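Welcome, and thanks for taking a look at this one. Here are some notes to read alongside the structure, in numbered points.

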Amino acid sequence: MIQVSHLSKKYKNNAEYSVVDLDLKIDEGEIFGLLGPNGAGKTTLISMLSSLIKPTSGSFSINGLTFQKNANQLKQLIGIVPQEYALYPTLTAYENLYYLGSMYGLKGKQLKEKINYHLEVLGLEKFSNKKLDTFSGGMKRRVNLIASILHDPKVLFLDEPTVGVDVQSKNVIIENLKKLNAQGTTIIYTSHHLNEAEQFCSKVAIIDHGRIIIEGAPQDLISQYPESHNLEDVFLTLTGKALRDHA
Amino acid sequence: MHKLWASTYKEFLLLSRDIGGLAILFVMPLVLVITITLIQDSTFRSINDNKIPILWVDYDKGEVSKNIYDGLAESQSFNIIDKESGSEAKELVFKGKYQLAIVIPANLSSELEKKVNLNVEGLLSKFGLEEETPPSQKSDLERKEVILYFDPATQMAFKNSIKNGIDKMIFKIETQTIYKAFQSQITDDEAEAIFDTESFITFKEITPSIGENEIIPNSVQHNVPAWTLFAIFFIIVPLSINMVKEKSQGTFVRLRTNPVSYLTVLGGKTAIYLAVCLIQFGLMLGIGVYLFPILGLPSLEVSGKIPQLFLVAIFAGLAAIGLGLLLGTIARTQEQSAPFGATFVVILAALGGVWVPVFIMPKFMQTLSNLSPMNWGLNAFYDVFLRDVGLMDLVPELTLLFLFFITTTAISIVYNERKNAV
């Protein structure tokens, strides 16, 4: 489904590469977790895979398509849930979703039904006509998610979709993502919530300094390190306990 | 098409939710055009209700000073205040209490008469009609100076018009004195009309007309197009802020991942902001036609010109929007777009001749002025309002405005493509 080959990215003003010669293969139907400390290169990798930034070198394809040759086809195939809310605060939830859904070519009754369905599933039907700037962080996260799945993407990229939300919102988001995955959507997500990733992902890759240092099913990784009880232990063993502040 | 419609509707919603922004977009241009027109109205009126107070010091007390005084009084532009001392007048003007003081030197009338008489006698003697003028008498006469004191803050245009006016009056008095001197030398009968002292050459101003109605330019016909255009171009500030906001909110990033072209995104903005420009323009015309007469200003004459005026407004609006799209595409923050946009509009307005007519600018600035879209728009508006030209005569200016829109929009798209190429 997703084939990444020797992908690298170096930002203009950075001395070091953010992603270094990265190879990765993600199969259809997987829930793939990209885990790593701050500045490890997770967001850079997702941004490249979702056409937001240009790789310095290397290539990738999704379903055999590349952005260089099939940009619009590929954009129709994927959905991106960005880290920030990326919604219009003065528009209502419905208006935001109507506009963003329209950008995927959805219209009329079909679009309205999809919006109402997802609002209901994610517990927002009562707030559909409220402006986004009156929403809590958790509610905005849910609208952010709906905006990216209205067009039924085959691949969904999520950059820390549960950061800063309450437990209930997080639970609803994760449950919904599982449902989407069950319907055939491949999910690639980054998170700092390692317990969540352990429960949620079928496969994870721990990434540090722009390189994948380990990859596999969460339980397989835990079993590789006998002293580890969970994914967090594996993560700390591999990436160390030193702070990773960066500006 | 549906994507363009959805983008347009979204822009409409965003704009309609910003009540403060909308008020600024529509109310401020109206306040601007009313204020400027009220201020500038006096410069277009032949009879000025607001007379400028000037100081008058007359050491001459003769015919010449009386003629100058009468000339100033007749102009009805000045409220003449008599002062006894030149130094007092000078002090008051230099302190900024008055804009102008005129000091007429002592014996101006008598010495002018004496000088003219001497010249006339000298001339007649050359023809053998008079005894030769003794050379000693010529050297006795000193040049006389009418002294003008101006407030240092006085504008050069006002200074020049005053100087020219007084110069003209003095010239006329000198000429009449010469005629009088000849008359007295040739005949003893003062009532005998030998010379016709009235000006032989006069001038007549012919203005364009529609049918039998003459088009007389007034402050409203000058100010409404100029400041409407200024307001139309100010649309680049809210438009660029709208685009920068999308970047900071992350919605622009989301749109880049959607299968929608940047042209469609810009198309939605263009449609809505063009509508704003046209509503602004309609309001300006409404103010000119209905409110200005109530405020004591001349009414804006638009009969038979509405389609041409809106056509110019559409193309001027497109040019302004193109510039706004470019600024919004390039700017990263509101701190970059807002001050730059506002200042740039002021520069374009200055270059375009909104404040100072292009023909009095230095040569280099006149050349630069040809590059300002506001100059093209202003010329097109003046063509309709004041020159009564046909639709075909507007084509050159409208083409330039449209090309400007196409060029700026194309640069925005290319810039965005290059910056975000994957």
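1. A definition to start with: a residue is called buried if 20 or more other C-beta atoms lie within 10 Å of its own, exposed if 12 or fewer do, and partly exposed in between, with C-beta atoms placed from the backbone. Please keep in mind that this is a predicted model, in which local features need pLDDT of at least 70 and side-chain atom pairs count only at pLDDT 80 or more, while totals for chains, interfaces and linings use all residues. Residues are numbered from 1 along each chain as its sequence is written, and chains are lettered from A and ligands numbered from 1 in the order in which they are written.

2. Let us begin with A:Phe200. It counts as buried because it has 21 C-beta neighbours inside 10 Å. A:Phe200 lies in helix 7 (residues 194-200) of chain A; helices (H or I, at least four residues) and strands (E, at least two) are DSSP runs, numbered from the N terminus. Leaving out residues up to four places away in sequence, A:Phe200 touches A:Ile31 and A:Ile174, where contact means that the C-beta atoms, placed from the backbone, lie within 7 Å. A:Ile174 is 26 residues from A:Phe200 along the chain, and their C-alpha atoms are separated by 7.5 Å.

3. Now for chain A as a whole. Its secondary structure comes to nine helices and nine strands. The radius of gyration is 18 Å, close to the 18 Å that the globule rule gives for 247 residues, so chain A is as compact as a globular protein of that length. (That radius is taken over C-alpha atoms, and the rule is 2.2 Å times the number of residues to the power 0.38.) The C-alpha trace spans about 50 × 40 × 35 Å along its principal axes, and 45% of the 247 residues count as buried. Of the contacts in chain A between residues at least 6 apart in sequence, 70% join residues at least 24 apart.

4. What does the record say about chain A? An unreviewed UniProt entry carries the annotation "domain: ABC transporter" over residues 2-234 of chain A; positions are given in the numbering used here, feature names are shortened, and annotations may be inferred rather than shown by experiment. In the model, residues 2-234 of chain A are 39% helix and 23% strand, with end C-alpha atoms 25 Å apart.

5. Most residues other than glycine have a negative phi. A:Ser51, however, has a positive phi near 70 degrees, and A:Ala86 has a positive phi near 55 degrees. A:Ser51 sits in the loop between helix 1 (42-49) and strand 4 (57-62) of chain A, and A:Ala86 in the loop between strand 5 (78-81) and helix 3 of chain A. Are they buried or exposed? A:Ser51 is buried, with 21 other C-beta atoms within 10 Å, and A:Ala86 is buried with 24.

6. How many residues of chain A are in contact with chain B? There are 24, and they meet 21 residues of chain B. Helix 2 (67-77) and helix 3 (93-102) of chain A are the elements that give two or more residues to this side of chain A. Its residues divide into 13 nonpolar, six polar and five charged (Ala, Val, Leu, Ile, Met, Phe, Trp, Tyr, Cys and Pro count as nonpolar, Asp, Glu, Lys and Arg as charged, and the others, Gly among them, as polar). Helix 2 of chain A also holds A:Phe67, which is buried, with 22 C-beta neighbours inside 10 Å.

7. Over in chain B, the unreviewed UniProt entry marks several stretches as "transmembrane region", including residues 271-294 and 398-416. Residues 271-294 of chain B are 100% helix, with end C-alpha atoms 34 Å apart. Residues 398-416 of chain B are also 100% helix, and their end C-alpha atoms lie 27 Å apart.

8. Finally, the largest nonpolar core has 139 residues, of which B:Phe233 and B:Ile235 touch the most other members. Such a core is a set of buried Ala, Val, Leu, Ile, Met, Phe, Trp, Tyr and Cys residues joined through C-beta atoms within 7 Å. Helix 12 (residues 306-330) of chain B gives this core its largest share, 13 residues.

Key. Contact = placed C-beta atoms within 7 Å.
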